[in-house]
Amino acid sequence: MRVLLTGACGFIGWKTGEFLLEGGHEVLGIDNINDYYDTKLKEYRLFKLKAYKMFRFIKGDIEDVVFLKKVFDEFRPDIVINLAARAGVRASIENPYVYYTTNVLGNLNLLELSVKYKVKRFILASTSSLYAGQKMPFTEDLPVNSPISPYAASKKSAEVTAYTYHYLYNLNVVVLRFFTVYGPASRPDMSLLRFLKWIYEARPVIIYGNGEQSRDFTYVDDIARGIILAMENIEGFEIINLGRGKEPISIKEVIKKYEHLLNKKAKIVFKEKNKADMESTQADITKAKKLLGWTPLISIDEGLKRTVEWYLKEGRHIGFKL
Ligand code: UGA
């Protein structure tokens with residue numbers, strides 16, 4: 001299939017691109033390569049994708065409708081996977097506007113064009129952050145009306161707008177709510193890459209709050225596989241959790257696991273808890289199992305081991321800053 005992959009140089013976009021290309025799909029990747037974090041990581045991922053013959057890349061922004069029109073006109077995608085987003089929970093408090101222009105208006109541009117160009121399926125990345133205040137494990141039918149960060153609010157807006165486009169124009173939409181995705185070459189604003197780099201470099205490890213907050217950390221390969229499964233068979237509008245779906249793991253526990261894997265001791269510095277942070281997350285993945293036949297395969301120990309191996313072999317040589 002011809003797949004338009006937005007955010008192709010992002011962490012999840014890159015892995016999804018690799019899996020699509022290995023599966024024989026034709027992929028057009030777009031990304032604005034913004035400097036929200038060190039672009040060296042984005043260039044690293046793009047370099048890897050460019051090794052595939054069926055991959056093409058165009059630099060551009062989903063907020064730019066003229067650019068997008070040209071892309072749709074020329075490429076005529078069967079599937080659109082929108083992984084282009086501003087995704088920092090805490091950073092969204094500092095600069096909320098860009099979360100709305102990209103995550104809401106950029107997504108709206110893609111929905112409009114997907115209808116116009118008769119796209120078979122539209123896949124939207126969403127977030128476990130929407131479940132703030134709900135009882136775990138989180139099921140997709142919970143009312144998620146109280147987002148606690150501009151980021152979560154922007155994703156809620158993107159979800160409901162996608163529903164409107166499904167309702168009005170019969171666009172098939174799959175919204176995937178990801179649960180704190182980690183793995184090699186992840187975003188350096190996220191806890192698991194920061195902790196790894198800080199412990200390895202013997203620098204202070206900053207914990208916001210007491211470190212007891214826990215996450216349903218999910219390995220990136222499992223997520224990419226789930227996205228690809230969502231390209232097939234789903235008709236209508238569905239919201240589906242993609243998370244490990246096991247007992248959440250506290251960030252203190254993760255740090256201990258890293259200490260063990262690296263054989264180094266972390267020097268922890270505690271800072272004030274951020275108001276936009278959830279205490280705990282855990283996915284109910286019954287729906288993903290039923291509709292997609294998806295089940296996560298990588299345990300947290302295996303995922304962290306792979307992440308450390310990548311870091312020692314390649315990651316530390318990229319020279320990216322946090
Ligand atoms: C992550 C992603 O960043 C979001 O894009 C995604 O939408 C979300 O998961 C999700 O599940 O959907 P978050 O849970 O904040 O958001 O992930 P981390 O950045 O890994 O933070 C986890 C916890 O570690 C938070 O409580 C955070 O405050 C803490 N943390 C993070 C630290 O204590 N120190 C740090 O240096 C970074």
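The model is predicted, so local features need pLDDT of at least 70 and side-chain atom pairs count only at pLDDT 80 or more, while totals for chains, interfaces and linings use all residues. Residues are numbered from 1 along each chain as its sequence is written, and side-chain values use heavy atoms, with hydrogens and water left out.

**The ligand and its shell**

- The ligand is surrounded by 23 residues, where a residue counts if one of its heavy atoms lies within 4 Å of the molecule.
- The closest of these residues are Thr-127, Ser-128, Tyr-151, Ser-191 and Asp-277.
- By class, the shell holds twelve nonpolar, six polar and five charged residues. Ala, Val, Leu, Ile, Met, Phe, Trp, Tyr, Cys and Pro count as nonpolar, Asp, Glu, Lys and Arg as charged, and the others, Gly among them, as polar.

- An N or O atom in the side chain of Tyr-151 is 2.6 Å from an oxygen atom of the ligand.
- For Gln-213, a polar side-chain atom lies 3.0 Å from a ligand oxygen atom.
- Phe-178 uses a backbone N or O atom, 2.8 Å from an oxygen atom of the ligand.
- The ligand taken alone exposes 700 Å², and the protein buries 96% of that; these areas come from the Shrake-Rupley method with a 1.4 Å probe, and for residues only the protein chains shown count as cover.
- Helix 7 (191-200) and strand 8 (204-208) are the elements that give two or more residues to the shell. Helix 7 gives the most, with four residues.
- Helices (H or I, at least four residues) and strands (E, at least two) are DSSP runs, numbered from the N terminus.

**Lining of the second largest pocket**

- Residues that line the second largest pocket include Trp-14, Tyr-44, Asp-221 and Trp-310. On a 1 Å grid over the protein atoms alone, a pocket is an open set of points where a 1.4 Å probe fits, with protein on both sides within 12 Å along at least five of seven lines, and lining residues have an atom within 4 Å of a point.
- The lining has five nonpolar, no polar and six charged residues.
- Helix 11 gives the most to this lining, with four residues.

**Phe-179**

- Phe-179 sits in the loop between strand 6 (173-178) and strand 7 (181-182).
- Phe-179 counts as buried because its relative accessible area is 0%, and buried means under 20% (1.4 Å probe, protein chains only).

Definitions and conventions:
A polar contact is a pair of N or O atoms within 3.5 Å; within protein, one must be able to donate a hydrogen and the other to accept it, and residues adjacent in sequence count only if both atoms are side-chain atoms. Buried means under 20% relative accessible area, exposed over 50%, partly exposed in between (1.4 Å probe, protein chains only).
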